[in-house]
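Here are some notes to read beside the structure. Each point can be checked by going to the residues it names.

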Amino acid sequence: MNPIRRNRLIWIAALVAAAGIAAAMITYAIQRNITYLFTPSEVLRGETGAHARFRLGGMVSANSFQRAQGSLEAHFRVTDGDAEMPVVYTGILPDLFREKQAVIATGRMEGNHFVAEQVLAKHDETYMPKEVADKMGMAHKKHDVEIQAAAPVAETR
Amino acid sequence: MLPELGQIALILALLVAALQAILPLIGAQRGIPAWMAIARPAAFAQFALVALAFGVLTYGFVSQDFSIKYVAINSNSLLPMVYRYTAVWGSHEGSLLLWALILSIWTAAVARFSQRLPAEVIARVLGVMGAVAFGFLAFLIFTSNPFERLLPAVAEGRDLNPLLQDPGMIIHPPMLYLGYVGFSVPFAFAIAALLDGRIDARWLRWTRPWTNVAWAFLTLGIALGSWWAYYELGWGGWWFWDPVENASFMPWLAGAALLHSQAVTEKRGSFRGWTLLLAIATFSLSLLGTFLVRSGVLTSVHAFASDPARGLFILVFLGIVIGGSLVLYALRAPSDDSGAPFNVASRETLLLANNLLLSTACAMVLLGTLYPLLADALDLGKISVGPPYFALMFMVLMAPLILLLPFGPVTRWQREQVSKPLAMLLPWGVLALLVGVAAYFLTPQSSWKVLAGVLAAVWIVVGTLRFVWTRFAQAGRQFTAEMLGMTLAHFGIAIFLVGALLTEGLSQQREVAVAQGQSVELGRYAFRFDGAERYQGPNYVGDRGTVTVFHDDAPVTVLHPEKRAYTSGGQVMTEAAIDPGFSRDLYVAMGEPLGGNSWALRVHVKPFVRWIWGGALLMMLGGLVTATDRRFARTETRRVAAGEAMETTA
């Protein structure tokens with residue numbers, strides 16, 4: 001093998017090795033850092049499985065929001081139309097958090113409560129996060145409920 | 001009547017773009033001077049037409065013409081005048097129009113400042129830019145028409161999203177787009193070079209300032225977005241690894257790699273194919289970024305428009321641009337890519353490492369951003385990739401980059417004794433380590449981030465200064481604008497690192513319920529809540545809190561965070577109050593009223609957070625200064641070692 005070829009071979013081997021290591025590390029890092037989205041009925045059916053930490057998506061049930069005076073501990077229920085899940089969150093809720101609006105809460109189950117560490121609300125009057133809309137759309141189809149079409153709305157960035 | 005004029009201007013612009021794409025490209029291929037000559041006037045005409053359309057839409061907003069659907073959705077009679085101008089790009093249709101306008105500005109600028117380029121080159125470059133403009137204008141006209149009428153007209157508009165009623169939002173999108181679209185110039189050059197089959201060092205030298213300017217604007221745009229998120233979203237965060245942010249960060253990373261590889265190709269003739277490929281990748285990522293944000297396929301903490309009808313068009317457009325360029329590259333990439341030979345120990349190798357690390361980081365961000373989409377398409381569940389993934393991977397990839405950074409400028413091209421740059425920089429490395437360790441023990445939290453941030457920043461600054469000193473110490477060696485730009489940009493990285501890592505390592509934050517008169521302690525600061533009162537704004541009702549801040553019992557400042565309820569849509573907005581400082585920001589945001597006279601309050605002390613944006617501004621300045629280098633203005637054929645025109649397979 002002439003030196004140029006050998007040199008090239010070394011380079012290629014190094015590149016393949018580097019790419020392999022990078023791919024392995026990236027896969028590992030992604031696997032550790034993904035959080036799945038579940039609706040309350042999926043949680044109640046036990047579909048969360050091994051995912052202790054997940055995102056709970058749905059609507060805030062009407063008249064479910066409670067907060068003790070002078071305290072940051074908030075209680076509300078999240079519904080997907082089929083089932084409800086009580087949620088506890090301590091902290092400041094996003095500006096757009098409201099009853100009968102879509103939320104995504106990240107956290108884990110403790111007993112029969114979902115304890116949220118982060119709550120995201122949708123950013124517009126008519127918009128629902130697409131992934132939540134997809135899941136609730138399935139629930140609605142099952143129950144033959146009319147879904148309100150999402151109008152094109154403003155974008156923030 | 002006016003909106004129809006805008007509509008007609010857009011359609012004419014589409015036709016002109018088609019003309020600008022087809023005739024000069026064919027003319028250049030067949031050698032027909034008259035067809036090539038169409039490129040320039042077409043570029044100016046396109047600019048005039050798109051500017052007219054943009055002006056008409058702006059006039060629609062200013063004069064509150066609610067018979068235009070887009071105006072009715074995105075403004076309101078109560079909207080203050082300045083936001084009526086910026087509402088033009090507040091939503092999907094208008095921001096695409098802004099994109100098209102900026103593309104036409106860049107095209108016109110290329111047409112204006114390319115007098116000394118060969119006719120075929122300029123015909124091809126403008127032709128490719130015309131093709132891109134055609135795609136965008138078609139997308140605008142057929143799927144996202146900003147001039148669509150709303151008949152009968154409504155009496156009142158729905159109002160601009162309150163998040164966008166903010167000074168930071170006035171300039172963020174234009175700067176970002178100037179960056180995105182600016183990368184169309186190196187892209188068009190790359191395609192032109194592939195079509196021509198010759199990659200000439202002169203043309204490359206001509207595109208380098210454009211790349212630098214585009215990258216500088218993108219840097220500014222991203223920094224403005226980060227700054228806006230910091231004060232407007234009320235969370236005190238400056239970067240969320242959110243899909244929308246990632247969309248703008250990917251072209252930035254690819255662009256940074258492109259800057260460096262262009263320098264190698266121009267000076268040494270090496271990495272030719274790679275530079276072309278990077279130019280294609282950078283602009284493709286800009287397009288991908290624009291469309292990812294615009295199509296609403298990604299879930300983000302920020303909201304999007306979502307309209308599946310646009311998805312197909314976007315997919316086809318991206319497919320043509322990316323697929324077409326890659327096929328062209330595969331067919332006509334330069335076969336002799338070697339350029340001047342270089343040793344393993346050389347500046348070329350260091351810049352190669354720079355490029356590999358930056359493009360790997362870019363691929364990593366791309367993967368993390370698109371992974372949820374892939375998983376969804378493959379029915380693996382609805383997932384999201386968390387910030388820890390990005391933070392970890394980014395740290396792993398950037399650490400070697402920062403370690404190698406000061407070596408680049410002090411290492412010679414072609415071949416270098418490994419011991420020389422090592423001996424030159426070793427003492428300064430030790431100094432950086434000492435300062436880093438000192439910072440670690442001097443700060444109360446003793447976070448490893450402080451050590452890493454200070455170590456990296458001092459290492460970059462003294463390492464770069466060592467290079468500057470070498471240049472000045474040896475008489476007769478000039479210090480060019482390009483070197484000054486590089487020095488500034490590298491200092492910018494150092495400043496940014498101090499800001500980013502010290503903020504992450506030393507920030508303190510509390511969320512508490514406070515009654516009037518109560519205080520929140522945070523380190524040596526105390527925030528006393530002095531109550532909130534209601535007032536009437538132009539298009540909202542606000543609650544204005546008063547918070548007095550003390551440092552070791554001495555009053556520092558009085559802050560007024562606000563909560564606003566916008567009358568038109570009922571949206572509630574948090575306006576954080578910030579006391580900015582060189583070494584720390586004090587940040588207060590109001591949550592909800594908790595009954596009685598108590599409120600939820602979020603308070604932060606964020607050390608060195610300003611340095612994040614300061615560093616970004618320095619990087620931007622570096623890019624702009626580099627672009628002014630006199631060498632780039634020279635177009636006579638001064639052939640560098642192996643920089644001669646190279647024939648390619650074709």
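**Notes on chains A and B**

1. A:Lys100 sits in chain A, in the loop that runs between strand E5 (84-90) and strand E6 (102-110). The structure is a predicted model, and that applies to every point below. The phi of A:Lys100 is near 65°, a positive value in a residue other than glycine. Is A:Lys100 buried or exposed? A:Lys100 is exposed, because 11 other C-beta atoms lie within 10 Å and the cut-off for exposed is 12 or fewer.

2. A:Met85, A:Val87 and A:Tyr89 point to one face and are buried.

3. Which strands pair with E5(A)? Strand E4 (residues 73-79) of chain A pairs with E5(A) in the antiparallel sense, over 7 bridges. Within that pair, A:Ala74 is opposite A:Tyr89. Strand E7 (residues 113-121) of chain A pairs with E5(A) in the parallel sense, over 3 bridges, and here A:Val88 is opposite A:Val115. As background, strands of a sheet pair through backbone hydrogen bonds, either parallel or antiparallel.

4. E4(A) and E5(A) make a hairpin, with 4 residues between them. A:Gly81, in the turn, has a positive phi of about 95°.

5. Turning to the other chain, chain B contains 21 helices and 11 strands. The radius of gyration of chain B is 26 Å, close to the 26 Å that the globule rule gives for 650 residues, so chain B is as compact as a globular protein of that length. Its C-alpha atoms fill a box of roughly 80 × 75 × 50 Å along the principal axes.

6. Of the 650 residues in chain B, 56% are buried. Among contacts in chain B with a separation of 6 or more, 76% are between residues 24 or more positions apart.

7. Helix H10 of chain B covers residues 201-232. How far apart are its end C-alpha atoms? They are 46 Å apart, which agrees with the 46 Å that 32 residues should span at 1.5 Å a residue. H10(B) bends by about 25° at B:Thr207, and a proline, B:Pro209, follows within four residues.

8. H10(B) is mostly covered, with 31 of its 32 residues buried. Just after H10(B) comes B:Gly234, which has a positive phi of about 75°.

9. Chain B has an open sheet of 4 strands in the order E2-E11-E10-E9, with antiparallel pairing. Its edge strands are E2 (508-514) and E9 (577-579), each of which pairs on one side only. Neighbouring strands of this sheet are turned by 15° against each other on average, direction ignored. E9(B) is joined to strand E10 (residues 584-593) by 3 bridges, and B:Ala577 has B:Val588 as its bridge partner in E10(B).

10. Two loop residues of chain B deserve a look. B:Gln414 lies between helix H16 (407-410) and helix H17 (419-442). B:Gln414 is not a glycine, yet has a positive phi of about 70°. B:Gln414 is partly exposed, with 15 other C-beta atoms within 10 Å.

Technical notes:
Residues are numbered from 1 along each chain as its sequence is written. Chains are lettered from A and ligands numbered from 1 in the order in which they are written. This is a predicted model: local features need pLDDT of at least 70, side-chain atom pairs count only at pLDDT 80 or more; totals for chains, interfaces and linings use all residues. A residue is buried if 20 or more other C-beta atoms lie within 10 Å of its own, exposed if 12 or fewer, and partly exposed in between; C-beta atoms are placed from the backbone. The radius of gyration is taken over C-alpha atoms; the globule rule is 2.2 Å times the number of residues to the power 0.38. Two residues are in contact if their C-beta atoms, placed from the backbone, lie within 7 Å. The expected span of a helix is 1.5 Å times one less than its number of residues. The bend at a residue is the angle between axes fitted to the seven residues ending there and the seven starting there. Two strands pair if DSSP finds at least two bridges between them. Axes are lines fitted to C-alpha atoms, for helices over the stretch in contact, and angles run from 0 to 180 degrees between N-to-C directions.
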